[in-house]
Amino acid sequence: MSRFVLVVLAIIGAFQAASAAPEPLILGVTRGFLDAARTKVGAAQGITNAAIQAGSDGINLGLNSVQDVEAIKSNVLRGAVNITRNLGSEVITQSRNLANHLPSAVGIRGAANLGLSAAQGALDLGANVANGVFTGAQALVNGTLGAGRSVNSGVTGAAQGAVNAGGNVVGGVIGAKANAVGALQNATAAVRSGVRGAVSGAAGAASRLVGGLTGGLTGGLTGGLTGGLTGGNRLG
């Protein structure tokens, strides 16, 4: 009977040791690696988007510089045309003043004024055409630069969208794996908790059984010894 008690106690001890064993290390290590990988994916996604945006900002800065240079050039050219027109108009005005002192006989004065008026008209027309050409050239450059900005914005958005989509896919796959490992950890913890409860219950039952057996053995031995001693005393 004592051998049976020892075997029961050994079995209970083995179950208790197994239920108290720590969680498998591979699950925690795997979860840690997956979480670190997901963090790295997010960081790489942010760095790539920042680099793309920096490149886009650089292109826009270059386009703005070209536009500023074109504006300065156009303003200088239009200013030169206007100065030339003003100088020419002043010369024509002074010439007209001189022509007004010419004799009106034979139409000399009228012919001179007519020529000066024609010169003024040609000067104004040439100035207006030149200014229109320079203004049109600036508008063309600005339109081209605006189209370049639109293309740059579209390419930047598409590139960042692709980076985000790829990062989300990779992050989602890693996250799914991490969640699966987490679910396995939770399931393992639940099973271990159930096993602990069962082992605890079995240990209690076994302890009561061993206690009963031990009590019975002790009671039997005590009664036997007591009876034997009492009978011996009577015989004596």
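Modeller: First, a term: buried means under 20% relative accessible area, exposed means over 50%, and partly exposed is in between, with a 1.4 Å probe and protein chains only. This is a predicted model, in which local features need pLDDT of at least 70 and side-chain atom pairs count only at pLDDT 80 or more, while totals for chains, interfaces and linings use all residues. Residues are numbered from 1 along each chain as its sequence is written, and side-chain values use heavy atoms, with hydrogens and water left out.

Colleague: Why is Arg 38 called partly exposed?

Modeller: Its relative accessible area is 33%. That value lies between 20% and 50%, so Arg 38 is partly exposed.

Colleague: What makes Asp 35 and Arg 38 a salt bridge?

Modeller: A salt bridge needs a side-chain nitrogen of Lys or Arg within 4 Å of a carboxyl oxygen of Asp or Glu. For Asp 35 and Arg 38 the N to O distance is 3.2 Å, so the pair meets the rule. They are 3 residues apart in helix α2, which means a separation of about one helical turn.

Colleague: How do you know that α2 is a helix, and where does it run?

Modeller: Helices are DSSP runs of H or I with at least four residues, numbered from the N terminus. Helix α2 covers residues 25-99.

Colleague: Is Glu 70 buried or exposed?

Modeller: Glu 70 is buried, because its relative accessible area is 9% and the limit is under 20%. Lys 73, at 44%, counts as partly exposed.

Colleague: What makes up the largest nonpolar core?

Modeller: A nonpolar core is a set of buried Ala, Val, Leu, Ile, Met, Phe, Trp, Tyr and Cys residues joined through side-chain atoms within 4.5 Å. Here the largest has 5 residues: Leu 34, Val 41, Ile 174, Ala 178 and Val 181. Helices α2 and α3 each supply at least two of its residues, and the largest share, 3 residues, comes from α3.

Colleague: Which residues does Leu 34 touch, beyond those up to four places away in sequence?

Modeller: Contact means heavy atoms within 4.5 Å. By that rule Leu 34 touches Ile 174, Lys 177, Ala 178 and Val 181.

Colleague: Why is Asn 131 called buried?

Modeller: Its relative accessibility is 12%, and under 20% means buried. Asn 131 sits in helix α3, residues 108-235. Leaving aside neighbours within four places in sequence, Asn 131 is in contact with Arg 78, Val 81, Asn 82 and Arg 85.

Colleague: And why is Leu 25 called exposed?

Modeller: Its relative accessible area is 67%, and over 50% means exposed.
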